[in-house]
Amino acid sequence: MLYFIIVTRVCNLRCKYCGNDPDPSVEPLEINYSLDDLKRFIEKDSDAIICFYGGEPLLRVNIIKWIIDNIKAKKFCIQTNGLFLDRLELEYLEKFDTILVSIDGRKEVTDYYRGTGTYDLVIKNIRKIRRKGYDGDIIARMAVSEKTDIYSDVKHLIELKNPNFDHVHWQLDALWDLPPKQRYKDFDLWVDTIYNAGITKLVNYWYEKMEQEGKVLGIVPFIGIMKTLLTGEKVYLRCGAGIDAFTITTSGRIIACPVALEFDEFYLGDIWTTEPYELPWKIKIGGPCLRCEYNFICGGRCLFANKTMLWGIEGFEKVCETVKHLINELIRIKPRVQDLIDKGIISIDDFNYPPYNNSTEIIP
Ligand code: SF4
Ligand code: SF4
């Protein structure tokens, strides 16, 4: 199972979607349990995958190194803002199967949301770790909001050469804040006129690259959903929250989703009194997703959004329109993708991603 370890709640940036204002009365700002206790808990799971999470996890690089050196896990990955990636020596970098770096697309969009100069620093650090010899999976992890042009920003990242990103993934800046829609002048209009239209254009571009160059570009939501369409596999909440993905907070509590620190219904146990095998399926997607005709492809999108309904049912349904549009656009090109596979121009194996839960949620 995948364990997000919140290494610290402190971050060195102050991105517009987050504000970087962690409340110490909810959870301590720093880990206050013994790492030996963490080791005892995680090693009970012989299939453990560890994802370092924050705050900004690389602010506490010694904790990360201790965990890598001392806790047995099948894989390690990290979600980082990328600004301290150069603090890790190659021997530690190489332990990461996947590095997810926050970057929102073009320089002007990234710097607007994450702070002036962020884009250049992130790019410089990724170049540095590639030069050091890191050849694992680097995922550009975007937050997509009103200033994003999804077509231009994804295309920019996936086409970068120095450094290159193996994959691009994004999450909508939606349903996680209260009061709702703070960063949009008109969220519904943005969805209808900008975001969904951009997705259509991006799907066309993705297909053209397959057809003309025999390349399946690493656009994670497209690959993940197309695989489901091609294989008919059964899916359930693709991020795995509460199923095969759990978060260990700074106090040693275990919750179903890393952004749900303040919500008691996500609490599942702690590293001292709970066994890993007791965690799965205690909290499940409910409500509108159970009645949705897209559930067998979407899987429920996000447990946090499904349970908290922070934007109310109308806001939730507006976001579902983006999911349905994305799925419909991929259904539209599916016969032609199948044709390219049949002709041997691309392979069904090109859609075998992620090979395990590497913390990309698939559905934006
Ligand atoms: S489209 Fe919306 S309602 Fe349907 S399964 Fe996905 S999140 Fe749930
Ligand atoms: S998609 Fe939602 S439930 Fe899943 S990990 Fe992300 S915030 Fe949590």
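Predicted model: local features only at pLDDT ≥ 70, side-chain atom pairs only at ≥ 80, totals over all residues.

## Two ligand shells

Now turn to ligand 1. Its surroundings consist of Pro-288, Cys-289, Cys-292, Tyr-294, Asn-295, Cys-298, Gly-300, Arg-301, Cys-320, Val-323 and Lys-324. Sorted by type, the shell around ligand 1 has seven nonpolar, two polar and two charged residues. Two helices, H9 (295-298) and H11 (312-342), each supply at least two residues of this shell. The largest share, three residues, comes from H11.

## The chain as a whole

Step back to see the overall fold. The protein chain contains eleven helices and nine strands, and its C-alpha trace spans about 55 × 50 × 40 Å along the principal axes. For 364 residues, a compact globule would have a radius of gyration near 21 Å, and the 20 Å of the protein chain agrees with that.

Of the 364 residues, 43% count as buried. Among contacts in the protein chain with a separation of 6 or more, 74% are between residues 24 or more positions apart.

## The nonpolar core

In soluble globular proteins, nonpolar side chains tend to be buried together. Here the largest nonpolar core has 101 residues. Those with the most contacts inside this core are Tyr-3, Ile-5, Ile-50, Cys-51, Ile-219 and Ala-256.

Leaving aside neighbours within four places in sequence, Ala-256 is in contact with Ala-241, Gly-242, Phe-246, Phe-266, Leu-268, Ile-283 and Leu-303.

## One face of helix H1

Which residues of helix H1 (residues 35-42) are buried? They are Leu-38, Phe-41 and Ile-42. Looking down the axis of H1, you will find the buried residues within an arc of 90°, so they line one face of the helix. An α-helix has 3.6 residues a turn, so residues three or four places apart point the same way. The cover over the buried residues of H1 includes strand S1 (2-6) and strand S7 (245-248).

Is Leu-85 buried or exposed? Leu-85 sits in the loop between strand S3 (75-80) and helix H3 (90-93). With 23 other C-beta atoms within 10 Å, Leu-85 is buried, because the cut-off for that is 20 or more. Not counting residues up to four places away in sequence, Leu-85 touches Leu-58, Thr-80, Asn-125, Ile-126 and Ile-129.

Gly-315 lies in helix H11, the helix that gives ligand 1 the largest share of its shell. Gly-315 has 18 other C-beta atoms within 10 Å, so this residue is partly exposed. Apart from residues up to four places away in sequence, Gly-315 touches Leu-175 and Pro-180. Asp-21 is 294 residues from Gly-315 in sequence, and the two are 25 Å apart in space, C-alpha to C-alpha.

Definitions and conventions: Residues numbered from 1 in each chain as written. Chains lettered and ligands numbered in written order. Near = placed C-beta within 6 Å. Helix = DSSP H or I, 4+ residues; strand = E, 2+ residues; numbered from the N terminus. Nonpolar A, V, L, I, M, F, W, Y, C, P; charged D, E, K, R; others polar. Buried ≥ 20, exposed ≤ 12 C-beta atoms within 10 Å, placed from the backbone. Contact = placed C-beta atoms within 7 Å. Core = buried A, V, L, I, M, F, W, Y, C linked by C-beta atoms within 7 Å. Rg over C-alpha atoms; globule rule 2.2 N^0.38 Å. Arc of directions from axis to C-beta.
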